[in-house]
Amino acid sequence: MEYVSLEGLRLDGRRPKETRQMRCAMGVLPAADGSAEFRAGNTRVMCAVHGPRECVNRGERDDERAIIKCEFSQAAFSTGERRARGKGDRRSVELALVIRQALEATVLVHLAPRSEINVMIQVLQADGGVRAAAINAAVLAIANAGIPMKDTMAACSAGYLDGTPLLDLNYVEEGGGGVRVHVATHASRGDKVVVVQTDNKASVEVFEPVHALAVEGCAVVQKVMREAMIEHTSILATLRGREAL
Amino acid sequence: MNDIAIGCFQRGSFNFPDKPSSAELVAPGEDVRVGHQTRGGLLRGHGTILVSDRFTATICGTIERVGNLVSVRPFRCTYKPETGDVVLGRVIERAGKCWKLDINSWQDASLHLSAINLPGGIPRRRNADDELNMRQLYDDDDLVSAEVQSVHRDGTVMLHTRGPKYGCMSLGQLISVVPVLVKRAETHFHRVCSDLKTDIEILIGCNGYIWVGLKHSACFTHDPECSKSQNNTGGCEREVFSTSVNAHTRDQVCRVASAVRVLSMLHLAIYPKRILDVVDRSNDWGVSNTDMLRRAFVVKFSEWMTD
């Protein structure tokens with residue numbers, strides 16, 4: 001299969017270093033303390049955040065910091081083939097762990113000691129880049145809940161197919177068997193990398209350009225997320241009014 | 001934030017006086033700039049951290065400057081208790097001599113047995129008996145109005161319910177809203193007349209819990225003579241649960257409660273005058289109680305607001 005045509009276009013008509021169109025919606029679930037939906041192309045991920053609130057389980061309570069609990073699940077209807085996917089399978093547990101660790105490095109957990117933050121992520125449509133989209137949705141939801149963070153963490157994936165590094169792989173490209181690198185960074189703190197994961201084996205010569213491309217992609221994603229946050233905050237501030245608290 | 005609120009914003013953004021400019025708005029990780037300064041001689045306030053000698057925002061919000069103190073003010077966040085706040089709390093459990101109350105904050109508050117007024121103003125006898133009888137005062141799942149007595153350095157919140165204003169709530173309903181919609185004011189207990197017959201009490205807790213209910217003899221009596229004659233002042237009045245309330249009064253309570261929900265849906269600041277505005281408009285336009293939370297009314301009210 002040809003993933004990059006002779007004209008340099010990918011299967012969905014993008015250039016190799018182009019992301020899909022991204023859309024962010026915040027405050028989509030009125031019952032949650034914070035919520036967001038992140039879309040990249042046909043991938044849609046919804047996230048709800050509850051907390052910080054009192055720890056349900058006393059044994060897990062930490063007197064120095066808030067603990068983060070993360071739950072990842074994928075809807076049965078999210079892929080072309082309908083398949084029941086729980087939140088208990090190996091992939092979901094691993095993804096939830098990665099997201100939790102990334103969030104713990106981003107959220108200022110010491111500001112709410114003895115509490116817990118629940119992050120619930122649900123994939124509505126999976127068309128590649130689910131891992132990155134889940135992280136982005138979680139960050140937007142946490143920002144919506146007003147929980148302090150060091151930076152707007154943004155995630156993006158990149159791959160290597162037909163001898164070309166490609167940014168933001170879709171479902172078909174993910175199945176192409178090439179190297180895939182998932183990166184999340186604090187882009188405004190000098191591209192500080194928080195998460196790096198690779199699927200398939202990669203030589204250093206391949207890994208480096210692909211990783212660099214993913215880091216560049218993160219900065220683009222961060223910009224989109226920031227714009228959404230600013231726009232949403234502008235609406236909230238205008239409606240609430242600026243009278244003293 | 002729903003699409004109705006966004007619609008309200010888009011229609012009326014010119015009429016709202018407080019629309020922030022883009023320079024005032026920040027997202028996490030962005031530099032907080034005041035004029036051209038990012039550091040020199042300024043003090044770091046809430047919502048900011050110091051990164052490589054620059055102030056950086058940690059939350060979404062607007063930049064606020066008071067003197068040299070620079071902070072970022074959020075428009076959606078968890079309630080942060082302060083001494084003197086009037087709050088509503090739900091009793092979660094009893095732990096020794098304390099009740100633990102959920103106050104919509106990042107940790108539960110404690111209400112000490114010695115921080116309440118016993119029914120009828122009887123002085124408390126310090127013995128094991130009154131600890132065993134704590135359930136008779138406030139039981140699990142009771143809703144209690146209280147005041148924040150102190151906030152310890154480690155964030156522990158102590159409450160008290162001394163005084164005739166505070167105590168167990170009954171005959172009404174609770175609405176939970178985003179805490180930033182509530183302004184700290186001199187009084188949080190309000191009495192409104194939605195029509196000439198019924199008095200309705202609204203308690204707007206600083207923690208975003210809002211109580212709408214009937215005039216409550218114990219909780220809302222300010223007259224000391226009256227409180228003495230009541231057997232149960234300050235404590236919980238269990239017998240009120242058996243009080244029958246007529247349909248008209250219940251309708252009025254629901255109408256005021258729906259008005260609070262409408263304001264919450266539109267992310268508008270909540271205070272008695274505005275609640276009454278919603279109630280009045282719904283009465284003027286002949287909107288029934290059940291239709292108040294429907295899109296048509298919320299949109300119509302937001303249009304009326306922005307005109």
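Where chain A and chain B meet in this predicted model, the contact draws on 39 residues from chain A and 41 residues from chain B. On the side of chain B that touches chain A, the elements giving two or more residues are α1 (3-12), β3 (48-51) and β5 (61-66) of chain B. The largest share comes from α1(B), with 4 residues. Sorted by class, this side of chain B has 23 nonpolar, 11 polar and 7 charged residues.

Let us stay with α1(B) for a moment. Which of its residues are buried? They are B:Ala5, B:Cys8 and B:Phe9. These residues lie on the same side of α1(B), because they cover an arc of only 100° around the axis. B:Asp3 and B:Gln10, on the other side of α1(B), are exposed. And what do the buried residues of α1(B) pack against? Their partners come from both chains: α4 (204-240) of chain A, and α5 (247-265) and α7 (295-306) of chain B.

Stepping back to chain B as a whole, you will find 7 helices and 16 strands. Chain B has 307 residues, and 41% of them count as buried. If you take the contacts in chain B between residues at least 6 apart in sequence, 65% join residues at least 24 apart.

Now turn to chain A and its sheets. One is an open sheet of 5 strands, in the order β1-β2-β3-β5-β4 (chain A), with mixed pairing. Its edge strands, each pairing on one side only, are β1 (22-26) and β4 (67-74) of chain A. On average, neighbouring strands of this sheet are turned by 15° against each other, direction ignored. Helix α2 (residues 130-144) of chain A packs on this sheet and touches β1, β2 (34-40), β3 (43-54), β4 and β5 of chain A. The direction of α2(A) makes about 150° with that of β2(A). Look also at β4(A) and β5 (residues 115-125) of chain A, which run parallel and are joined by 8 bridges. Here A:Ile68 stands opposite A:Ile117 in β5(A).

Another open sheet in chain A has 4 strands in the order β7-β6-β8-β9 (chain A), and its pairing is antiparallel. The edge strands here are β7 (164-167) and β9 (192-199) of chain A, each of which pairs on one side only. Neighbouring strands of this sheet are turned by 20° against each other on average, direction ignored. Between β8 (residues 179-186) of chain A and β9(A), which run antiparallel, there are 7 bridges. A:Thr185 has A:Val193 in β9(A) as its bridge partner. Helix α1 (residues 90-104) of chain A packs on this sheet, touching β6 (153-161), β8 and β9 of chain A, and its direction makes about 165° with that of β9(A). α2(A) packs on this sheet too, touching β6 and β8 of chain A, at about 170° to the direction of β6(A).

In soluble globular proteins, nonpolar side chains tend to be buried together. The largest nonpolar core in this model has 84 residues, and among those with the most contacts inside it are A:Cys47, A:Ile99, A:Ala134 and A:Leu140. Which element gives the most to this core? It is α2(A), with 12 residues. Leaving aside residues up to four places away in sequence, A:Leu140 touches A:Cys24, A:Met26, A:Ala36, A:Phe38, A:Met225 and A:Ala228. A second, separate core has 65 residues, including B:Leu101, B:Leu137, B:Val180 and B:Val278.

Note on methods: Residues numbered from 1 in each chain as written. Chains lettered and ligands numbered in written order. Predicted model: local features only at pLDDT ≥ 70, side-chain atom pairs only at ≥ 80, totals over all residues. Contact = placed C-beta atoms within 7 Å. Nonpolar A, V, L, I, M, F, W, Y, C, P; charged D, E, K, R; others polar. Buried ≥ 20, exposed ≤ 12 C-beta atoms within 10 Å, placed from the backbone. Arc of directions from axis to C-beta. Pairing = 2+ DSSP bridges. Axes fitted to C-alpha atoms, helices over the stretch in contact; angles between N-to-C directions. Core = buried A, V, L, I, M, F, W, Y, C linked by C-beta atoms within 7 Å.
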